[in-house]
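Biologist: I have the sequence and the coordinates open side by side. Could you walk me through them?

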Amino acid sequence: MINKILLFTSVLIISSGVMAKQNTKVSKSICLKIDAKIVTAKKNMRVMYTDKKGQKLRAKLKALQKKKAYCKISKFPTSS
């Protein structure tokens, strides 16, 4: 029983440290431009591209959507 409690506690401590490192700093000025950048990234994905460029575009879109989520958490508007 004690082993389970120690394991659970250590998992919580480790996971909270990982989650804190993933936190992205956002500001109101960055958040106001997020929607336009997402639209541009989606527009670029409709054009023919190589596999390597496609991976970069998907990664960029994913990062922008993550920033948008942080903006919503911080209660900043995402479009002007």
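Predicted model: local features only at pLDDT ≥ 70, side-chain atom pairs only at ≥ 80, totals over all residues.

Biologist: Which secondary structure elements does the chain have?
Modeller: There are three helices and zero strands. Read from the N terminus, the order of elements is α-α-α.

Biologist: Among contacts between residues at least 6 apart in sequence, what share joins residues at least 24 apart?
Modeller: That share comes to 71% in the protein chain.

Biologist: Let us turn to the helices. How does the span of α2 agree with its number of residues?
Modeller: Helix α2 covers residues 28–45. Its 18 residues, at 1.5 Å each, should span 26 Å, and the end C-alpha atoms are 27 Å apart, which agrees.

Biologist: Where is the kink in α2 centred?
Modeller: The kink is centred on Ile-34 and amounts to about 35°.

Biologist: What about the span of α3?
Modeller: Helix α3 takes in residues 51–73. Its 23 residues should span 33 Å at 1.5 Å a residue, and the end C-alpha atoms are 33 Å apart, so the two values agree.

Biologist: Which residues of α2 are buried, and what covers them?
Modeller: In α2 the buried residues are Cys-31, Ile-34, Asp-35, Ile-38 and Ala-41. Their cover includes α3.

Biologist: And which are buried in α3?
Modeller: Those are Gly-54, Leu-57, Leu-61, Leu-64, Tyr-70 and Cys-71.

Biologist: Which residues make up the largest nonpolar core?
Modeller: The largest nonpolar core has nine residues: Val-26, Cys-31, Ile-34, Ile-38, Ala-41, Leu-61, Leu-64, Tyr-70 and Cys-71. At least two residues of this core come from each of α2 and α3.

Biologist: Take Ala-41 from that set. Why does Ala-41 count as buried?
Modeller: Ala-41 has a relative accessible area of 1%, and it is classed as buried because the cut-off is under 20%.

Biologist: What does Ala-41 touch beyond residues up to four places away in sequence?
Modeller: Ala-41, which lies in helix α2, touches Leu-61 and Leu-64 once those sequence neighbours are set aside.

Biologist: Asp-35 was on your buried list. Why does Asp-35 count as buried?
Modeller: The relative accessibility of Asp-35 is 19%, and the class applies because buried means under 20%.

Biologist: Which residues does Asp-35 touch, not counting those up to four places away in sequence?
Modeller: Asp-35 touches Lys-68, Thr-78 and Ser-79.

Biologist: Now the cysteines. How many disulfides does the structure hold?
Modeller: It holds one disulfide. The bond joins Cys-31 to Cys-71, with an S to S distance of 1.9 Å. The link is left-handed, at -90° about the S-S bond.

Biologist: What does that pair tie together?
Modeller: Cys-31 lies in helix α2 and Cys-71 in helix α3, so the pair ties together parts that are 40 residues apart in sequence.

Biologist: Are those two cysteines buried or exposed?
Modeller: Both Cys-31 and Cys-71 are buried. Leaving aside neighbours within four places in sequence, Cys-71 is in contact with Val-26, Cys-31, Ile-34, Phe-76 and Thr-78.

Biologist: One last topic, the backbone. Which residue takes a positive phi just after α3?
Modeller: That is Lys-75, at about 65°, although Lys-75 is not a glycine.

Biologist: Is Lys-75 buried or exposed?
Modeller: Lys-75 counts as exposed, at 74% relative accessibility.

Terms used: Residues numbered from 1 in each chain as written. Heavy atoms only, no water. Helix = DSSP H or I, 4+ residues; strand = E, 2+ residues; numbered from the N terminus. Disulfide = S-S within 2.5 Å. Buried < 20%, exposed > 50% of the residue type's maximum accessible area, 1.4 Å probe, protein only. Contact = heavy atoms within 4.5 Å. Expected span 1.5 Å × (residues − 1). Bend = angle between axes of the 7 residues up to and from the residue. Core = buried A, V, L, I, M, F, W, Y, C linked by side-chain atoms within 4.5 Å.
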